[in-house]
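Me: I would like to go through the interfaces in this model and ask what each term rests on.

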Amino acid sequence: MRAQAHTLEGLVAGLIVLSSLLFALQVTAVTPLTASTSSQHIENQQQASTHGLLKAAADSGALKRAVLYWDETGGYFHGSNPTGYYVSNGELSRFTFGRMLANAYDARGIAFNVHVSYQLADGGVRTKKLIYRGEPSDNAITARRWVTLTDHDRLYGSDEQPTATELNSSTAFYAPDVRSGDLYNVVQVEVVVWRM
Amino acid sequence: MADVTGRDGDDRHTTDRSTADRAQMFLIGGLALALVLVVLVPVLNSAIYTENLATRGSSGAGVATTFQVRADVQRGVSDVVQQSNRKYAAYADQLAAVRAEVPVLEALYMRYDASDGRMLSLRYVTGSDEPGTRIHQDAVDDFRADADGNSTDDPTWTLVEQTPVVRNFRLAIPNRTTLAGTKTDAFRIVFDRDPATTGDERTVFLYNDGGATVVAVDGPGGSLGECRDATGAGTAVDVTAATVEGERCPALEFLDDVPSDFDVRYERGGNATGTYEVTVKRGGSTSVPSSPYASGNPDANDAVYGLTVHLYVRSSDITYQTDIRVAPGEADA
Amino acid sequence: MRDERAAATTLGYALNLTVATILISGLLVAGGGLVSNEREQSVRTELRVVGQQLSGDVGAADRLARSTSGSPVTVEVTRRLPDEIVGLQYRIAVEWNGGDPHLELSTNDPDVTVRVEVESETTLATNEVQGGTVRVVYDAANDRLEVTDD
């Protein structure tokens, strides 16, 4: 009887000690590094470089030209028929902003999407794809820039030269004229960047 | 006789007891050790949490967005000012149009930020408008004008007298063969502080040196440098942005050094053909002569030189409020 | 003949217990020492991390402040730092030092002090704040940045 009690006692004691040790070790074994933190560093880096690229594009006017790179007769961005957006590097090299993105990111195995958002007269916001290269991963970053369009801004032709068509006389432009004064619309260009 | 029958059992009992006590000691010791290790866990967990915290950049993204909003707002109001200047003739109409568009811009910008939990407020700072004059030649012609009102164009004429600052000074020469071949004959733009004295001017020369347009700048201390452009048939020069055909030209970065209130003068205007425009600010002693512009080529119209808007941006992490001066095309804007 | 005599039994018993106790307590002391050491290391590392983040925020507020002009001017950067580090309260002291600004973060028990450099062209107000949510505020009237509690 006593022997059985002793055995049980010993067994239970051993189990308690063992399980508490295992618990302690198991909890501390959660490694804080590798995947999550290193990708966070890459995200920070990409965020900074995308901000810089967008600023350079906005300052040089390449961003506004990309937003107005619209084929009035067809109703799509130049050369983006039938999908309506650009995918390959060849298509991107037609306009300066596309070349800037391709030069900055393609060689480093980083993919990017560009979405153009515009406002409607009733206050809604719609988004249109300009460049689409697939679903972003979980560690993607975004950076954005606003482009103000006025009634007398001109659309650009496929050679990135201004055409004679002004925005307020265009019929097929994707964004509507939301205000009766000189302003046409304010467009948001959002670049999503992630590592492939 | 003593009763010794139970002695063997007692001995075993004692040994058993000491072993049992030892075992219990081990048990308690093991438990205590395990407890100690478990106490280690929150310490290390806290360290893990902080390591993770360490990877998050500082409000870097929030700060970058604030700067982006500031730059985009400045550019947007800038575009509206340039539009208004071209669309309306009277200064009062131009200013009223810009002021009417500022709340519209605010509503449009705020629409994008509302869903991000960011608030934006933009308003025009009353009394901050700066009147100016836009001098422009839109048709391709030589750079002469009738300065003395005798119906013949003069190659040397003053565009504006005693202006504190100019912006958006752009020239386009579609065909460089219309330029003179040497620097001595070259068409020149003179920024002269005091027309009565010589030697204090900055002069921009434009001439064609064997198929390449040369933009040379001379200052009071001698030459400030030159830039060449051999692409295409013509050249576009932006004096306030200091670029020649889109490329940066350090020699043209002299405008900051010109002391306030200077004349702008063209000399040998017959040795260049093209279009140009410049917007000058009307300061206390500025005067725009009327006779060169009487014929309409070039033309001098009222324009809004610049104004100030007040921006207020607020998100959960950052509050930012400042005045922003809008003067499209100014050298240091 | 039995050789377990009363004295030997008691001695054996006591010795067993004593040795076991010494072993166990030795182990416990070592374990306790390990925990305390780890704790101090953790506190040091975490203070450094928190200090670097706050330093980054001060630098960002400085850049924002230098871009402002006119009036009224506001720059406020808020940062939610952890309230406690390894269960300890901590203090952050901001020193301008005549152009060589730095932060000093410290806890009381264990007594740990960490010093982090700060980059700022705008003057910093010398101040001391508790850990937790912290705000970097630009005082336009005196042209300086102040780190305050929320």
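This is a predicted model: local features need pLDDT of at least 70, side-chain atom pairs count only at pLDDT 80 or more; totals for chains, interfaces and linings use all residues.

Me: Why is the pair Asp113(B) and Arg144(A) called a salt bridge?

Reply: A salt bridge is a side-chain nitrogen of Lys or Arg within 4 Å of a carboxyl oxygen of Asp or Glu. Here the N to O distance is 3.0 Å, so the pair qualifies. Between chain B and chain A the count is 5 salt bridges.

Me: What makes Arg80(C) and Asp317(B) a salt bridge?

Reply: Their side chains are 3.7 Å apart, N to O, and therefore meet the rule. Across the interface of chain B and chain C the rule finds 1 salt bridge.

Me: How do you know that β15(B) pairs with β1 of chain C?

Reply: Strands (E, at least two residues) are DSSP runs, numbered from the N terminus, and two strands pair if DSSP finds at least two bridges between them. 4 bridges join β15(B) to β1(C), residues 74-80, so the two strands pair. They run antiparallel, and Gln321(B) stands opposite Thr74(C).

Me: What makes 45 residues from chain B part of the contact with chain A?

Reply: Contact means heavy atoms within 4.5 Å, and 45 residues from chain A also take part.

Key: Residues are numbered from 1 along each chain as its sequence is written. Chains are lettered from A and ligands numbered from 1 in the order in which they are written. Side-chain values use heavy atoms; hydrogens and water are left out.
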